[in-house]
Amino acid sequence: MKCGKLSNDVLNDIIIKGIKKKNKDIIVGPKVGEDCSIIKFGEDICVLTTDPITAAKNNAGRIGVHICCNDIASSGVRPIGILITILAPTECSIDDIKKVMDEINNACEELNIDVLGGHTEITDAVNKIVLSLTAIGKGINGKYITTSGAQLGDDIVVAGYAASEGTAIIASDYYEQLRGKINDDILIKAQSFINDISVVKIGFVASEFGVNAMHDATEGGVLGAIWEVTEASDKGAYIYKDKIPVREETKIICKELNIDPLRLISSGCMIISCCNGDGLVKRLKECGIEAEVVGKIIKEGRILFSEGKEIELFPPDSDEIYKVSL
């Protein structure tokens, strides 16, 4: 099997279909495209999400905290804490584990959230440090946003830059191999994109503005995230490729590696569906956030308009980051 997430068809048929809801307080449960579960507690809700970190060799702790909190922010609520499982190989040192924990603690300070607990274990079941994190958020019942809320005629807004996370991971993990092929200044700048992988601010601004659906772009990139929004919402999409924000450094690195930046892991980028995309873009830019209207929610079909041609979008496959080999 390929590295990366299970395909959405397999996920639905093998994993999700076998899960039976047993508790009436569960508002949102497992569904393709929905990254968070939402549980009702009287007038409040608890929002939960979980993610592993397996693709990154460097900055794994920072990445893990941010991608989990991004899922919570995509629901329009505030993350309050995380639970962490650290699985470390037998050749790992205490300093290696401390480095990961320092990254986690620093990211939690940035987001003003707590480490709530977890588990740390040395095991021969892994050949590098593997993290699994669960984030918890708290909100008001009835005031939350899902991936599945997109409405016919909505504008599709991309907030943030495509592939910032993937670009940063590649520029850091493959720095020595890329130095002779790509200008060093470009690689150093690309490494700094690791500081732009949070969508918590985007989530706050968008939820206050009023939107119908939000979904952060992780594995499968921007196009994968758009596909998941439409799948969860039972709608289609028409997307203009040249309107999707992509940094020049990302374009250069992806061209060198022959990978697609629009299908590269993209934490720091949010897909938003709303009835007033231009107004939302204006508000986001006032808050210092890059954003563009890139398309429309349509009744059915998923079309990417690129270089004068209409291309059908298919379900997300294994992320482009797993194609990198240097």
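This note goes through the packing and the salt bridges of a predicted model.

1. The largest nonpolar core of the model holds 56 residues, and Val-65, Ile-82 and Ile-170 are the ones with the most contacts inside it. Helix α2 (residues 60-74) supplies the largest share of this core, namely eight residues. Leaving aside residues up to four places away in sequence, Val-65 touches Ile-82, Ile-104, Ala-107, Cys-108, Leu-111, Ile-113 and Leu-133. Another core, of 22 residues, lies apart from the largest one, and Ala-150, Ala-162, Ala-217 and Ala-237 are among its members.

2. Helix α4 (residues 164-173) and helix α9 (residues 248-257) have axes that come within 10 Å and cross at roughly 65 degrees, and the crossing is left-handed. On the α4 side the contact is made by Thr-167, Ile-170 and Ala-171, while α9 contributes Thr-250, Ile-253 and Leu-257. Sorted by class, this contact comprises four nonpolar residues, two polar residues and no charged residues.

3. Within helix α10 (residues 277-286), the buried residues are Gly-277, Gly-279, Leu-280, Val-281 and Leu-284. These buried residues pack against β7 (155-159), α7 (200-209), β10 (270-274) and β11 (291-298). Gly-288, which comes just after α10, takes a positive phi of about 80 degrees.

4. The model contains 17 salt bridges by the rule applied here. One of them joins Arg-62 to Glu-110, with the closest N and O atoms 2.7 Å apart; Arg-62 belongs to helix α2 and Glu-110 to helix α3 (residues 94-111), so that the pair links distant parts of the chain, 48 residues apart. Arg-62 is buried, at a relative accessible area of 12%, whereas Glu-110 is partly exposed at 49%.

5. A further salt bridge is formed by Arg-302 and Glu-231, whose closest N and O atoms are 2.9 Å apart. Because Arg-302 lies in strand β12 (residues 302-306) and Glu-231 in helix α8 (residues 221-233), this pair ties together parts that are 71 residues apart in sequence. Arg-302 has a relative accessibility of 19% and counts as buried, since the cut-off is under 20%, while Glu-231, at 35%, counts as partly exposed.

6. Arg-283 and Glu-286 meet through their side chains in a salt bridge of 3.5 Å, N to O, and both lie in helix α10, three residues apart, which is about one turn of the helix. Arg-283 is partly exposed with a relative accessible area of 35%, and Glu-286 is exposed at 53%.

Key. Residues numbered from 1 in each chain as written. Predicted model: local features only at pLDDT ≥ 70, side-chain atom pairs only at ≥ 80, totals over all residues. Heavy atoms only, no water. Core = buried A, V, L, I, M, F, W, Y, C linked by side-chain atoms within 4.5 Å. Buried < 20%, exposed > 50% of the residue type's maximum accessible area, 1.4 Å probe, protein only. Helix = DSSP H or I, 4+ residues; strand = E, 2+ residues; numbered from the N terminus. Contact = heavy atoms within 4.5 Å. Axes fitted to C-alpha atoms, helices over the stretch in contact; angles between N-to-C directions. Left-handed = near helix turned anticlockwise from the far one by under 90°. Nonpolar A, V, L, I, M, F, W, Y, C, P; charged D, E, K, R; others polar. Salt bridge = Lys/Arg side-chain N within 4 Å of Asp/Glu carboxyl O.
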